[in-house]
Amino acid sequence: MAITAAMVKDLRETTGAGMMDAKKALTETNGDMEAAIDWLRTKGLAKAAKKSGRVAAEGLVGVAVRAGRGVAVELNSETDFVAKNADFQQLVREITNVALDAATDVEVLKATHLNGRPVEEVLTDAIARIGENMTLRRMHALEGDTIVSYVHNAAAEGMGKIGVLVALKGDAAKAQEIGKQIAMHIAATNPASLSEADLDPSLVEREKSVLTEQARESGKPEAVIEKMIEGRMKKFFEEVTLLGQKFVINPDVTVAQAAQEAGVEVTGYARVVVGEGIEKKEEDFAAEVAKTRAGA
């Protein structure tokens with residue numbers, strides 16, 4: 001497979017590796033981006049794999065909570081300008097409230113009625129009225145004894161760029177207090193799962209494979225390598241699981257310990273970021289101007 005400059009650029013942006021190292025990694029892995037990231041990590045030339053930060057779609061995440069149930073709904077727009085529009089924000093508010101009342105997932109939500117019509121139809125009318133494409137992309141519902149919400153980069157009450165829900169059990173007042181702090185922690189750290197048991201097995205296997213190769217390259221005896229892998233995997237679980245992470249409010253304790261000290265238990269969470277995982281279309285401004293002039 002031909003290795004293009006664009007592929008090298010993407011790999012460098014994702015891993016922070018040098019140009020020649022990125023090119024060699026892609027060559028060694030026949031252009032497989034994920035395998036190239038692992039190859040660089042094995043050689044100690046890249047940090048733990050993180051998805052490219054070129055997240056695209058604009059819009060807002062709406063959150064709402066009532067009586068042990070919370071929802072987070074993502075409504076995308078083409079531009080941030082529309083996300084600041086009062087009509088768009090009202091639409092986010094109304095759809096989020098419908099989700100809280102009746103929906104279990106985004107497909108059910110689209111078919112659920114808002115002011116006597118399916119949400120999908122209401123959205124189609126809003127697209128025509130506001131003049132920009134919109135997508136009702138995701139919905140997360142969370143249930144528990146106590147649900148706490150948090151919105152980061154709020155554009156209005158109950159909506160912003162990051163929406164977080166946390167489910168807790170235990171004393172309601174204590175759960176509300178520590179829950180808000182844990183929700184802020186989740187917004188900041190983006191854990192991969194609640195606990196080690198909830199982690200995607202393929203993610204665990206991939207990490208173990210990379211760490212094993214790294215340890216073997218040290219040339220140490222197999223018994224020492226096993227201990228190295230065990231220690232590094234323990235550190236990995238501490239870094240990526242919510243309950244194992246150091247609590248940002250007090251790094252001397254983990255999130256699990258902070259909850260325990262407050263007399264509550266964290267039973268679940270959801271974190272929704274606007275545009276997460278959508279590639280942003282990069283505009284060539286000079287070409288755009290030239291195209292506009294040619295059409296004039």
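Glutamate 196 touches Phe237 and Thr241, not counting residues up to four places away in sequence; contact means heavy atoms within 4.5 Å. The model is predicted: local features need pLDDT of at least 70 and side-chain atom pairs count only at pLDDT 80 or more, while totals for chains, interfaces and linings use all residues. Residues are numbered from 1 along each chain as its sequence is written, and side-chain values use heavy atoms, with hydrogens and water left out.

**Overall architecture**

- The protein has 12 helices and 10 strands, which are DSSP runs (helices H or I, at least four residues; strands E, at least two) numbered from the N terminus.
- The C-alpha trace of the protein spans about 70 × 65 × 30 Å along its principal axes.
- Of the 296 residues in the protein, 42% are buried (under 20% relative accessible area, with exposed over 50% and partly exposed in between; 1.4 Å probe, protein chains only).
- Among contacts between residues at least 6 apart in sequence, 63% join residues at least 24 apart.

**Domains and annotation**

- The domain assignment, which is automatic or from a database, gives domain 1 (5–52), domain 2 (58–198 + 241–273) and domain 3 (201–237).
- Taken over C-alpha atoms, the centres of domain 1 and domain 2 are separated by 33 Å.
- An unreviewed UniProt entry carries the annotation "domain: Translation elongation factor EFTs/EF1B dimerisation" for residues 70–276; UniProt positions are given in the numbering used here, feature names are shortened, and annotations may be inferred rather than shown by experiment.
- Residues 70–276 are 48% helix and 30% strand, and the end C-alpha atoms of this span lie 20 Å apart.

**Helix α8**

- Helix α8 comprises 18 residues (172–189) and reaches 25 Å from its first C-alpha to its last, close to the 26 Å expected at 1.5 Å a residue, where the expected span is 1.5 Å times one less than the number of residues.
- At glycine 179, α8 bends by about 25°, the bend being the angle between axes fitted to the seven residues ending there and the seven starting there.
- The N-terminal end of α8 is capped by aspartate 171, which has a side-chain oxygen 3.2 Å from the backbone nitrogen of alanine 173.
- After α8 comes asparagine 190, with a positive phi near 50°.
- Buried residues of α8 are Ala175, Ile178, Gly179, Ile182, Ala183, His185, Ile186 and Ala187.
- The elements covering these buried residues include β6 (146–156), β7 (159–170), β8 (246–247), α11 (255–261) and β10 (264–273).

**Individual residues**

- Glutamate 196 lies in the loop between α8 and α9 (201–216), and it counts as partly exposed because its relative accessibility is 49%.
- Alanine 215 lies in helix α9 and counts as buried because its relative accessibility is 0%.
- Alanine 215 is in contact with Ile225, Met228, Ile229 and Arg232, leaving aside its neighbours within four places in sequence.
- Threonine 29 is placed in the loop between α2 (19–28) and α3 (33–42); at 16% relative accessibility, threonine 29 counts as buried.
- Not counting residues up to four places away in sequence, threonine 29 touches Ala35, Ala36 and Trp39.

Conventions:
A polar contact is a pair of N or O atoms within 3.5 Å; within protein, one must be able to donate a hydrogen and the other to accept it, and residues adjacent in sequence count only if both atoms are side-chain atoms.
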